[in-house]
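Here is a friendly walk through a few local details of one structure. Please have the viewer open as you read.

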Amino acid sequence: MRYWKEWKQSILHLFFPSLCALCKQALLVQEKILCMACEHKLPYTYYHALPNNETTLRLAGRFPFQHASSLFYFTQESDVQQLMHALKYKHHPEIGTYFGSLLGQQLSKEKSFKAIDGIVAIPLHYKKEQQRGYNQSNLIAAACAEAMGLPFYNKAIVRKRFTQTQTLKTRSERVDNMEAAFFINNTELLIGKQLLIIDDVLTTGATVEACALQILKIPGTQVSIATIGIVI
Ligand SMILES: [Zn+2]
């Protein structure tokens with residue numbers, strides 16, 4: 001049965017090879033999303049092994065957290081930006097799963113992320129999720145959780161409304177406004193847990209901060225942060 005399945009896959013692959021999402025060359029059977037050459041060129045930060053990395057420094061002093069890391073540098077016109085764009089706007093959910101498993105494989109090797117009990121993702125407003133068909137951070141988080149052998153607490157946090165334009169407000173007003181947008185749907189489930197919050201790309205960190213501040217109101221919780229990209 002297994003051979004039959006493999007044989008069928010090889011034949012399918014022969015006639016309809018998947019293409020690398022970046023260079024568009026035909027992928028080998030064992031390659032997923034990217035060819036080996038493109039995967040090797042991805043700009044890994046290796047922040048997971050650096051305690052004073054840029055992700056940590058950007059969030060430091062804004063809310064208490066254990067560890068923070070980002071998988072790739074994110075710059076305009078880069079390969080990571082192109083992949084993230086395809087994930088968010090061109091209906092390629094498989095890229096989210098791919099990113100999430102790369103992140104999970106990396107974090108599962110790192111001692112500082114061993115104490116984590118479970119994973120949560122920054123939620124999208126449901127209207128936005130409906131438009132897109134999925135929340136990209138959920139896909140990343142689910143694959144990351146699987147690679148780390150941890151539970152993913154999907155839907156434990158929800159986003160209540162679209163965040164309004166944030167101009168003309170002070171930083172603390174902006175954080176309050178954002179914070180009110182997140183609602184903990186299942187407090188019981190998260191009590192006393194050390195959670196890893198997943199987001200796609202870290203820019204100013206305002207969204208992560210707002211979501212983390214809500215989570216930290218739950219008794220006994222601690223948070224760590226991981227994102228796929230960091231804007232530098
Ligand atoms: Zn390629």
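## Serine 69 and its surroundings

Not counting residues up to four places away in sequence, serine 69 touches Tyr47, His48, Asn53, Thr55, Phe113, Ile225, Ala226 and Thr227, where contact means heavy atoms within 4.5 Å. Serine 69 sits in strand β1 (residues 68-74); helices (H or I, at least four residues) and strands (E, at least two) are DSSP runs, numbered from the N terminus.

Before going further, please note that this is a predicted model, in which local features need pLDDT of at least 70, side-chain atom pairs count only at pLDDT 80 or more, and totals for chains, interfaces and linings use all residues. Residues are numbered from 1 along each chain as its sequence is written, and side-chain values use heavy atoms, with hydrogens and water left out.

Is serine 69 buried or exposed? Its relative accessibility is 1%, so serine 69 counts as buried (buried is under 20% relative accessible area, exposed over 50%, partly exposed in between, with a 1.4 Å probe and protein chains only). A polar atom of the serine 69 side chain lies 3.0 Å from the backbone nitrogen of histidine 48. That is a polar contact if the pair consists of N or O atoms within 3.5 Å; within protein, one must be able to donate a hydrogen and the other to accept it, and residues adjacent in sequence count only if both atoms are side-chain atoms. From C-alpha to C-alpha, serine 69 and isoleucine 225 are 6.3 Å apart in space, while 156 residues separate them in sequence.

## Serine 224

Strand β6 (residues 222-231) holds serine 224, which is buried with a relative accessible area of 0%. A polar atom of its side chain lies 3.2 Å from the backbone nitrogen of histidine 67.

Leaving aside neighbours within four places in sequence, the contacts of serine 224 are Gln66, His67, Phe113, Ile116, Gln194, Leu195, Leu196 and Ile197.

## Two helix pairs

Helix α8 (residues 171-179) packs against helix α10 (residues 206-215) at an angle of about 60°, their axes 8 Å apart. Axes are lines fitted to C-alpha atoms, for helices over the stretch in contact, and angles run from 0 to 180 degrees between N-to-C directions. The angle makes α8 oblique to α10; under 35 degrees counts as roughly parallel, over 145 as roughly antiparallel, 65 to 115 as roughly perpendicular and the rest as oblique. Of the 10 residues of α10, 7 are buried, so this helix is largely enclosed by the rest of the structure. Among those buried residues are Val208, Cys211 and Ile215.

Helices α5 (residues 93-108) and α7 (residues 136-148) pack at about 35°, with axes 7 Å apart. Residues making this contact include Gly96, Gly100 and Gly104 of α5 and Ala143 and Ala147 of α7. By class, the contact has 10 nonpolar, 7 polar and no charged residues; Ala, Val, Leu, Ile, Met, Phe, Trp, Tyr, Cys and Pro count as nonpolar, Asp, Glu, Lys and Arg as charged, and the others, Gly among them, as polar.

## Positive phi in two loops

Most residues other than glycine have a negative phi. Lysine 24 is not a glycine, yet its phi is positive, at about 65°; this residue lies in the loop between α1 (2-15) and α2 (36-41). Histidine 91 also has a positive phi, near 50°, and is placed in the loop between α4 (79-89) and α5.
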